[in-house]
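Please read this report alongside the structure shown below. It begins with charges and aromatic rings and then turns to the chain as a whole.

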Amino acid sequence: MGAPPIPVHRLTVFLSIVIPARNEQDSLISTVESLERADLPPHEIVVVDDHSSDRTWEAASALAVRFPSVRPVRNEGAAGFGRAILAGFAQARGDAVVPVMADGCDEPETLRRMWERILAGADVVCGSRYMRGGRKIGGPAAKTLFSRAFGHMMRWGTAIPTVDSTNAFKAYRRGWEPRSTRVAEGFSVSLEWVLEAWFAGARVEEVPTTWRDRTAGASHFRMRSAVRSYGAVLGHALRRALLGRLPGAPFDSRGPRA
């Protein structure tokens, strides 16, 4: 069962957007500007500089001067996509948190739909490129085939109610946000996190979103390492399912947090 809806009369209800950024000086500014132009709920934007060697930190600091919602922080731990997101989640103050990529691939307008589902009682809301109404524009065909196939395998193997569990663009209600990773590395941490929540009894939903390939900078996604890492999560999840660990049983022996 999911948590009850968030009371909409609470003045402190707001969304935390976490942007992990490693060497994203060319796209970070336009990404934040796009977010601020969108029809967003009350929010903060936590930009996490993940050990960048370019001027990402300077760009984030300049954005904080322009937009009161922006709060730059540094990933003080080891570098890495998942660790940067966790560092941002630890700093977030909202009733729900959602990672947004610094390269502008995620659709800002989807955040409003995610937020509405959180207010209605969902615990995790997945931005889905592959459900009806969703789209994926650009990017290598092999990467699209890979993520689509994994999403469908996860739905078939675990009954998780989304066909796009690999997408990092997910909103987590406070108390269900991930705080660690045990199985995955790289981009596949997003898959582990939603499975962890699902097996622990979270109410998981999906809303359609449009994903667009980056127009500046270089992608940090590497197919070979992704296959290995996603495969580890898939194997772990299917073993649990075959052992009868169906939704309502913990993915890693943890439950929802206070």
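## Charges over rings

A charge sits over a ring if NZ of Lys or CZ of Arg is within 6 Å of the ring centre and within 35 degrees of the ring normal. In this predicted model, the charged end of Arg 74 lies over the ring of Trp 57, at 3.8 Å from its centre, and the charged end of Lys 136 is placed over the ring of Trp 211, at 4.2 Å from its centre.

## Aromatic pairs

Rings of Phe, Tyr and Trp (for Trp, its six-membered ring) pair if their centres lie within 6.5 Å, with planes under 30 degrees apart counted as stacked, over 60 as edge-to-face and the rest as tilted. The whole structure holds 4 aromatic pairs. In one of them, the ring centres of Phe 89 and Trp 193 are 6.3 Å apart and the planes stand at 40°, so this pair is tilted. Because Phe 89 belongs to helix α3 (residues 81–91) and Trp 193 to helix α6 (residues 189–199), the pair ties together parts that are 104 residues apart in sequence.

Phe 89 and Trp 193 are both buried, meaning under 20% relative accessible area with a 1.4 Å probe, protein chains only. Together with Tyr 172, Phe 89 and Trp 193 form one aromatic cluster.

## The chain as a whole

The protein chain has 7 helices and 9 strands, which are DSSP runs of H or I (at least four residues) and of E (at least two), numbered from the N terminus. Of its 258 residues, 55% count as buried.

## Basis of the values

Residues are numbered from 1 along each chain as its sequence is written, and side-chain values use heavy atoms, leaving out hydrogens and water. Local features need pLDDT of at least 70 and side-chain atom pairs count only at pLDDT 80 or more, whereas totals for chains, interfaces and linings use all residues.

Conventions:
Buried < 20%, exposed > 50% of the residue type's maximum accessible area, 1.4 Å probe, protein only.
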